[in-house]
Amino acid sequence: MRKSFTLIAAALTAATLPLTAMADKPDWRYVEGGYTKMDFDDNESFEPDGLTVNGKYLLNSNWYLNGEYSFFEEGNFDFDMLTLGAGYRLPVNAKTDAYFGANLERIDGDVNDETGYSINAGLRSMITEQVELAGEVGYYDVDDGEATFRVGANYYITPQWAVGANYRIIDDLDIMQVTARYAF
């Protein structure tokens, strides 16, 4: 079964590649959604998971808006995380962009609600016509201020559709996501 799935996926990918030209720079107008999971280093019995939706919208050649909503649950406990912000994109070369952003952060949970902010800086690069890699460092301050690190990758099946994964660390909290993206 696994081998059949791999062969079908490879055939579909190979069939769609010659039909379209792939991206030459990172997309800044997209929506994506998928599965997300948290892992707390000091609590192996509490690993909430759920869904996430996020996107970016480039207003002009440099300024963008971004937002992300994630819903997590574990047993009878659930909470939401919301990020709304803006940033500045700076092309480094034809395939790589640097960016800097500031965000309003909100966590709504069964126990308490918190509001704070985050700042970040990163690089996004199309290392091939189909593969985008991203890396980011930042500061996240909702309850206690913490340094953040994020790495991710997207594979573009067509110029508009991609599948991806990213991994984010906030102190002893790890957030993993698997997503599907539509670029417009």
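Six acidic side chains, Asp41, Asp42, Glu44, Asp143, Asp144 and Asp171, come together as a negatively charged patch on the surface of this predicted model. Patch members here have over 30% relative accessible area and no salt bridge, with like charges joined within 9 Å (for nonpolar patches of Val, Leu, Ile, Met, Phe, Trp and Tyr side chains, within 5 Å). Asp and Glu count as negative and Lys and Arg as positive, while His and the chain ends are left out of the count. Each charge is placed at NZ of Lys, CZ of Arg, CG of Asp or CD of Glu, and the areas come from the Shrake-Rupley method with a 1.4 Å probe, where for residues only the protein chains shown count as cover. Aspartate 171 sits in the loop between strand 9 (161-170) and strand 10 (173-183). With a relative accessibility of 45%, aspartate 171 goes down as partly exposed (buried is under 20% relative accessible area, exposed is over 50%, and partly exposed is in between, with a 1.4 Å probe and protein chains only).

A word on the ground rules: residues are numbered from 1 along each chain as its sequence is written. Since this is a predicted model, local features need pLDDT of at least 70 and side-chain atom pairs count only at pLDDT 80 or more, whereas totals for chains, interfaces and linings use all residues, and side-chain values use heavy atoms, with hydrogens and water left out.

As for the overall fold, the chain holds 1 helix and 10 strands, laid out along the sequence as α-β-β-β-β-β-β-β-β-β-β. These elements are DSSP runs numbered from the N terminus (helices: H or I, at least four residues; strands: E, at least two). Of the 184 residues, 37% count as buried.

Strand 6 (residues 113-126) runs antiparallel to strand 7 and is joined to it by 10 bridges, and the two make a hairpin with 4 residues between them. Pairing of strands calls for at least two bridges found by DSSP. Within this pair, arginine 124 has alanine 134 of strand 7 as its bridge partner. Strand 7 also pairs with strand 8 (residues 145-156), again antiparallel, over 11 bridges; this hairpin has 3 residues between its strands. Here valine 131 stands opposite tyrosine 155 of strand 8.

Glutamate 32 is buried at 8% relative accessible area, and arginine 181 is buried at 4%. Arginine 181 also meets glutamate 132 in a salt bridge of 3.2 Å, N to O. Glutamate 132 lies in strand 7 and arginine 181 in strand 10, so this pair ties together parts 49 residues apart in sequence. Glutamate 132 is buried as well, at 2%. Through shared partners, salt bridges join Glu32, Arg124, Glu132 and Arg181 into one network.

Another salt bridge links aspartate 108 and arginine 106, whose closest N and O atoms are 2.8 Å apart. Aspartate 108 is partly exposed at 29% relative accessibility, and arginine 106 is partly exposed at 27%.

Note on methods
A salt bridge is a side-chain nitrogen of Lys or Arg within 4 Å of a carboxyl oxygen of Asp or Glu.
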